[in-house]
Amino acid sequence: MLDPSQIASIADELVQADRDRAVLPRLTSRYPDMVIEDSYAIQKEWSDRRIAAGARLVGHKIGLTSKVMQVATGITEPDYGVIHDDMVFESGATLEFDRFSNVRIEVELAFVLSKPLTGPNVSLFDVLDATAYVVPALEVLNSHLELEGRTIVDTISDNAAMGAMVVGGRPVKVDDVDLTWVPALLYRNETIEDSGVAGAVLGHPALGVAWLANKLAQHGQSLDAGEIILAGSFTKPMWVERGDTVHADYNGLGSVTCRFI
């Protein structure tokens with residue numbers, strides 16, 4: 001495991017990479033003995049520094065919850081990152097392309113909590129009971145570490161590649177729709193690039209939120225009422241370029257759109 005000075009040094013690198021929109025060599029190529037707990041310690045140090053500088057924690061993201069995402073990344077277990085207030089946009093937003101590195105888009109559902117969730121032993125039913133509503137969302141991936149050969153240790157350290165989220169469509173109560181069968185068509189510049197259903201996330205997207213609450217408990221943390229949770233992608237990451245318009249159609253739940261300039 002890494003010592004506190006190494007964790008602080010890596011957090012410094014990632015803070016600077018975010019400012020410079022830079023891509024760094026993989027951490028595992030320089031610190032081959034790193035373990036997952038080191039990665040979450042680095043992520044927390046990075047987040048704490050942003051919060052000290054004025055950002056506000058508003059939620060969490062869950063990554064690598066679907067088979068399509070695990071195949072796309074070569075990583076075989078979920079992870080999580082944090083969401084700060086300056087990462088959240090509404091549908092129709094224009095996003096600055098140069099704000100991000102290795103820019104990709106994922107299609108997800110976001111859960112907004114009305115009650116706290118504290119693990120361990122949080123179940124799917126606990127999540128449904130604690131959810132105020134579910135809403136369509138796009139996640140913008142932002143990777144500051146080289147993608148080739150990365151492991152889950154690299155990904156977690158880099159805040160699970162969380163860059164931004166775009167929220168839109170129609171918020172729904174969890175008992176108003178079968179969340180397993182929420183569909184989405186993902187367009188880039190009016191061409192369908194991918195599609196999927198929310199059940200690709202662990203069989204039910206609420207199971208991703210349960211996994212998160214239980215994982216956070218291992219780190220002495222919990223989910224608060226009011227938090228927004230990105231439950232995991234049910235399409236593979238779609239690369240975007242400057243000038244692209246992205247549109248996701250969730251059928252009865254409406255749509256989410258953004259453009260990169």
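In this predicted model, the charged end of Arg 104 sits over the ring of Trp 239, at 5.2 Å from the ring centre. Phe 234 belongs to the loop between E10 and strand E11 (238-239), while Tyr 250 belongs to the loop between strand E12 (245-249) and strand E13 (255-260), so the pair ties together parts that are 16 residues apart in sequence. Elsewhere, ring pairs bring Tyr 40, Tyr 80 and Trp 211 together in a cluster.

Tyr 250 turns up again in the core. The largest nonpolar core is made of 79 residues, and Leu 138, Tyr 250 and Phe 260 have the most contacts inside it. Strand E5 is the top contributor, giving 7 residues to this core. As for Leu 138, setting aside neighbours within four places in sequence, its contacts include Ile 105, Glu 106 and Val 107, along with Ala 164, Met 165 and Val 166. Leu 138 also touches Leu 186, Val 246, Ala 248, Val 256 and Cys 258, as well as Tyr 250.

Now to strand E1 (residues 57-63), which is mostly covered, with 6 of its 7 residues buried. E1 runs antiparallel to strand E2 (residues 79-84), and 6 bridges join the two; within this pairing, Leu 57 has His 84 as its bridge partner. With strand E10 (residues 228-230), E1 pairs in the parallel sense over 3 bridges, and there Lys 61 stands opposite Leu 230.

Helix H7 (residues 205-218) packs against these strands, among other elements. Its buried residues lie against E1, E2 and E10, and also against helix H3 (36-52), strand E5 (104-113) and helix H5 (124-130). The buried set in H7 consists of Pro 205, Ala 206, Gly 208, Val 209, Ala 210, Leu 212, Ala 213, Lys 215 and Leu 216. In an α-helix there are 3.6 residues a turn, so residues three or four places apart point the same way. Just after H7, Gly 220 takes a positive phi of about 70°.

How values were computed:
Residues are numbered from 1 along each chain as its sequence is written. This is a predicted model: local features need pLDDT of at least 70, side-chain atom pairs count only at pLDDT 80 or more; totals for chains, interfaces and linings use all residues. Side-chain values use heavy atoms; hydrogens and water are left out. Buried means under 20% relative accessible area, exposed over 50%, partly exposed in between (1.4 Å probe, protein chains only). Helices (H or I, at least four residues) and strands (E, at least two) are DSSP runs, numbered from the N terminus. Two strands pair if DSSP finds at least two bridges between them. Contact means heavy atoms within 4.5 Å. Rings of Phe, Tyr and Trp (its six-membered ring) pair if their centres lie within 6.5 Å; planes under 30 degrees apart count as stacked, over 60 as edge-to-face and the rest as tilted. A charge sits over a ring if NZ of Lys or CZ of Arg is within 6 Å of the ring centre and within 35 degrees of the ring normal. A nonpolar core is a set of buried Ala, Val, Leu, Ile, Met, Phe, Trp, Tyr and Cys residues joined through side-chain atoms within 4.5 Å.
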